[in-house]
Amino acid sequence: MKTNLKPLWYGVFFLCTQYLSAQKEEIWKGTTVFEFNEPYESITINYDDEEFVFKVTDKTKFLIGKKQKVSKDRISLGSTVDVAIVIENRKRILTKVLLSKDEYGEIKKFAGVIDSYKGDTAVIDGRRVVLTDKTIIKCDGRPGCACSKGRTFLGFDELELGSFLTVFGELNGEGVYMASKIEVCKNTYGKVDEEFMLNLSKDFDASNLNQFKSVPANVFKAANGLHNGTIKMGDLEYKLLDDIRVQGYVNMVGHRILPDYAKEERFSEKHGVIFRFYVIENHIPNASAFPNGMVFIHTGLLNIMENEAQLAAVLGHEVAHVTYEHGIKEYKTTRITNSNLGQKTSKWLKKAFTKKMNVNEGTLGGKALASALEHTTPRTVMSLFNKKRETQADRAGLYYMSEAGYDPREAASFWEIMMENTGNQKFMSKLFTSTFTMVNTLQTDLSQTNYSDLGKDGINVLVSNILDTIYTSHPLAVKRLGAINNVLSTTYKDTDFSQLEAGKGSFDKHIKKLKE
């Protein structure tokens, strides 16, 4: 009897070709959503500084974590997502969009600083936390926590504000975490902290700062004084705005948004932190904070803002980097893994060398560029983007500004402005030209930093590095907007915004001259 094997053979062949054409899922982590609107038929994401548009089908899954389904409307401009794709017939097919549990799910564990408390309710990591009759509060017991492992605490009133806590609990329907357990680590100042602050002092030169000798009666008088003159960060020297009224105004807003414990003298003495706010006369829209409490904001950023609440949002974000000790934590981590702090940039450098200019690290130009990067970017305050810490600074900063009476929605408005400007090629070209001129005229006596060896391509890389901050990167500006909108829609969903202010009149009064 003759058997026809063709259908069987054809079926096997068909399945094999289908298997070969559909590859294993590829996961793109940490992408930023640039566009996703109703009727949700396509999604635009940014990955590796490139934009991709994917078609959304009925088979595309939207999940928090790996299993929990989520509504498409939870995803918006600036959302951080992982995407899963397969390639079929040389085309990318979107199979999954995965939201992080840490940002969008009901997380059951988080760590942060206790900024305030009232009775059994506290604000930790920018989130509201409530104790129950079953909550256990115990000392973490790690080195530097300044309490014996397993020691119990009866309530928040036995904890020192500014301490680091790890919270375990469940989120209720009102956006409050009901704590089941809290681990305590007191915020101490040890030998490593002292070592870090010593290294920090070598990364800047404030000897040319001059204190205003007389302060008009209507100008805020900062305890540490108001300043003009210049400050040097690495080889770059910045001029402070010679306007006592603007300097006083920014210091007033800065001190207003400080958490209460950070205003106390004992906090400054214990941690070596004195909060001071300076306005730098520079077109680059940037702000930064040194771990010792020095906070800088450029006139280029003030010129873009619309009101005092937006200024409070930026200052609150930078203050949070200090109170949450992000710089010191980075140093401690690096210190353990690599004794040479400067080498932590090696991964970034290799990427820069291979992607932005044709030079190897071992060549003369490569060595000059590495040295130039080290001397123009203070090692102890490097602002290489760390998603988790930036989002944490957003949460804490929103709490600081809202507690001071500012409308936290203005933080989102500010990042909308930044998103629009950083996406404007004409605007960014002007910034690049201005920064290029500043770097190209650098003079230094340091023999190991010969800027003439860099050449134009090398200086281009150096300029790009100086400009690569959350305030001048378009993808990062979009990401910040998404992170803040997520916090506003959860933590602040029931807030009575009518009791909070934007402060446009006061802002216009002080900043008007800068915009003329």
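Which residue in β9 does Tyr 117 stand opposite? The legends below take up this question first, and they describe a predicted model.

**View 1. The hairpin formed by strands β8 and β9.** Strand β8, covering residues 109-118, and strand β9, covering residues 121-124, are paired in the antiparallel sense over four bridges. Within this pairing, the residue that Tyr 117 faces in β9 is Ala 122. Two residues separate the strands of the hairpin, and Gly 119, which sits in the turn, has a positive phi of about 65°.

**View 2. The pairing of strand β8 with strand β12.** Strand β8 is also joined to strand β12 (residues 164-171) by five bridges, and these two strands run antiparallel. Lys 109 stands opposite Phe 168, a residue of β12.

View 3. Ser 402 belongs to helix α11, which spans residues 387-403. Ser 402 has a relative accessible area of 14% and is therefore buried, the cut-off for this class being under 20%. A polar atom of the Ser 402 side chain lies 3.0 Å from the backbone oxygen of Tyr 399. When neighbours within four places in sequence are left aside, Ser 402 is in contact with Pro 408, Tyr 492 and Leu 500.

**View 4. Ala 206 in the loop between β14 and β15.** Ala 206 is placed in the loop that lies between β14 (204-205) and β15 (209-211). Its relative accessibility is 29%, so Ala 206 counts as partly exposed. Ala 206 and Glu 237, which are 31 residues apart in sequence, have a C-alpha to C-alpha separation of 10.0 Å in space.

Key:
Residues are numbered from 1 along each chain as its sequence is written. This is a predicted model: local features need pLDDT of at least 70, side-chain atom pairs count only at pLDDT 80 or more; totals for chains, interfaces and linings use all residues. Side-chain values use heavy atoms; hydrogens and water are left out. Two strands pair if DSSP finds at least two bridges between them. Buried means under 20% relative accessible area, exposed over 50%, partly exposed in between (1.4 Å probe, protein chains only). A polar contact is a pair of N or O atoms within 3.5 Å; within protein, one must be able to donate a hydrogen and the other to accept it, and residues adjacent in sequence count only if both atoms are side-chain atoms. Contact means heavy atoms within 4.5 Å.
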